[in-house]
Structures are given as structure tokens and as C-alpha cells.
Amino acid sequence: MRVQVLFFGMLKDVTGKSSAAFDVRDGATISDLLLDLEAIIPAIKKSLPSLAIAVNREYAGAETKLKPEDEIALLPPVSGGSR
Amino acid sequence: VKSARGSHASMVGSPIDLASVLGKIRRGEDGAVVTFEGVVRNQTRGRKTLYLEYEAYEEMALRQMEGLAEQALREFAIREVAMVHRLGRLEIGETSVLIVVASAHRAAGFEACRWLIDTLKRTVPIWKKEYFEDGAVWADGEPFPGDISVGNLTGAGSTGPGDASKLGVRD
């Protein structure tokens, strides 16, 4: 099945794109997808532990099962506002 | 201007109009209106900043901000909340985020306002890029709270599937 992956902040610079479609096996979870992404885009490996993941615009845990057409966002630590 | 359904939160691409937000929120029963403005500073660790650019995962950020406003209204003795975040290029001295809390008494207003900005800065998907004379960098964000960060589930340092149990879905 196909899912849409969104990249934000420095991940957009690292990957060179703001979104990409990925094929994952039926029943795949977020951690499965992250392992795939890490293999395809080794440059994001370093960032992964600090990320949060959203599925269809809600924070989601690593064992969340994906559905076709899900929108999965890789979110670097946020820095809204001003210090 | 994009606003969330409940309309406590909005995102704007032009300067935030403080007077307008204050004018809309004030009511006769309020004894206190607490305002926080995040402002673009002219330097970071001694390095001169030229300007900032903010970007957001807009639909999610609005939903998150709205959720924080609703949570604050439930958990603090306050009457109303308004949150506005600006996106795009901001110059030194401009306001990037505005939080206004109206309440009968000041203590709850200060507490709610502090909680709102602190939580926004850790959980609402907005990022800023700082432009300096010799280049640009994405600002280091604050670490996500443990319950929403990927942690060391994958990649170097993985200690196995046991970590997954720490990754509860938020709310």
C-alpha cells in the first residue's frame, strides 16, 4: 500500500523534498516505515531519535498500524515562538 | 489568516495586530488580561541575526494550538484564550507569537499563559530558520516530551522492541 510522507524543517533540507509517496507492506507500522526510510535515506538516521511522528495530523506511537493513503509527518523538535 | 474551528487559535502571514486581539477578547467580567509576545531577537549566542523564517505543519499546528487553548480553559480558572502565530519571514523586533489570557484574577492568568507558551514551544509543529550574515540554520528545537518522541526505537542505540511501550499515543 502507498502512504504519503511529509518532511519538515531541517529534514526538508536533508531529503531535498517536502513530501514523498512510499510503498509499505500491508500491516506495516510506523517503526517499519522508519526502518525503510532509514535504509533509503541514510542521512536521516542521525535525526530519527529526536523526531516525533504524526499520522493524519495527530501524534502517533511507533506501533501505530498504517493504512493506505495515510499522511505521515516526520517532525523535528519544534521551535515555535521566540526564546 | 487561518483559524481553527474553535477559533481560539490562528496563524497569520502578516504582522500580528495586538490591539485588535486585545479589543476582541476583553469583557466586563475580566479582572486581568495577561499578554505574552515572543519577539525576534537580534542575536543568538553572540551571532548577529538578520531575520527569521517560520514554517509550520499548518493544519496540525492549528489543531494542536486549539487543543492547548481548550485544555487551558478546562484546567485553569480563566475565561478566554487567544493564540496567534505568525509564519514566513520576520524581521528583528517583530512578534512571532502572541498569547492572551483573560481571567477574573491575575494568578490563574499568569499561570495559564506560562503553561501555554511553554507547551506550545515543545509540542506545536512550527520551526524557525535563523539567517545570519554567514549562512542559515534551523534553530535547535526543544526536545519532545517523552510520550511523543521516537526516542531510540530505531537506528543507533536501539535497545529493542521494549522501547515501543514507552511510545504511547498522545491523549
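This is a predicted model: local features need pLDDT of at least 70, side-chain atom pairs count only at pLDDT 80 or more; totals for chains, interfaces and linings use all residues.
Buried, in this talk, means under 20% relative accessible area. Keep that cut-off in mind.

Let me start with a pair inside chain B. B:Arg86 forms a salt bridge with B:Glu94, and their closest N and O atoms are 3.2 Å apart. Is B:Arg86 buried or exposed? Its relative accessibility is 6%, so B:Arg86 counts as buried. Its partner is another matter. B:Glu94 has 22% relative accessibility and counts as partly exposed.

Now a pair in chain A. A:Lys67 and A:Asp70 meet through their side chains in a salt bridge, 3.5 Å from N to O. A:Asp70 is buried, at 3% relative accessible area. A:Lys67 is partly exposed, at 47%. Back in chain B, B:Arg27 and B:Glu29 also form a salt bridge, at 3.7 Å from N to O. How many salt bridges are there over all chains? The search of the whole structure finds 15.

Next, the interface. 43 residues of chain B are in contact with 38 residues of chain A. Together the two chains bury about 3400 Å² between them. Carbon and sulfur atoms carry 57% of that area.

What about charges across it? The count between chain B and chain A is four salt bridges. One of the pairs joining the chains is B:Glu59 with A:Arg57, with the closest N and O atoms 4.0 Å apart.

Which parts of chain B supply at least two residues each to the side that touches chain A? They are strand 3, strand 5 (47-56), helix 2 (58-75), strand 8, helix 3 (106-123) and strand 9 (126-132). By class, that side has 22 nonpolar, ten polar and eleven charged residues.

Last stop: helix 1 of chain B, residues 18-25. Its buried residues are B:Val21, B:Leu22 and B:Ile25. Down the helix axis, these buried residues fall within an arc of 95°, so they line one face of helix 1. The background is simple. An α-helix has 3.6 residues a turn, so residues three or four places apart point the same way.

And the other side of helix 1? There, B:Ala19, B:Gly23 and B:Lys24 are exposed. What covers the buried residues of this helix? The cover includes strand 3 (32-39), strand 6 (80-86) and strand 8 (95-103) of chain B.

Technical notes. Residues are numbered from 1 along each chain as its sequence is written. Chains are lettered from A and ligands numbered from 1 in the order in which they are written. Side-chain values use heavy atoms; hydrogens and water are left out. Buried means under 20% relative accessible area, exposed over 50%, partly exposed in between (1.4 Å probe, protein chains only). Helices (H or I, at least four residues) and strands (E, at least two) are DSSP runs, numbered from the N terminus. The arc is that of the directions from the helix axis to the C-beta atoms. Contact means heavy atoms within 4.5 Å. Buried area is the accessible area (1.4 Å probe) that two parts lose on being put together, summed over both. Ala, Val, Leu, Ile, Met, Phe, Trp, Tyr, Cys and Pro count as nonpolar, Asp, Glu, Lys and Arg as charged, and the others, Gly among them, as polar.
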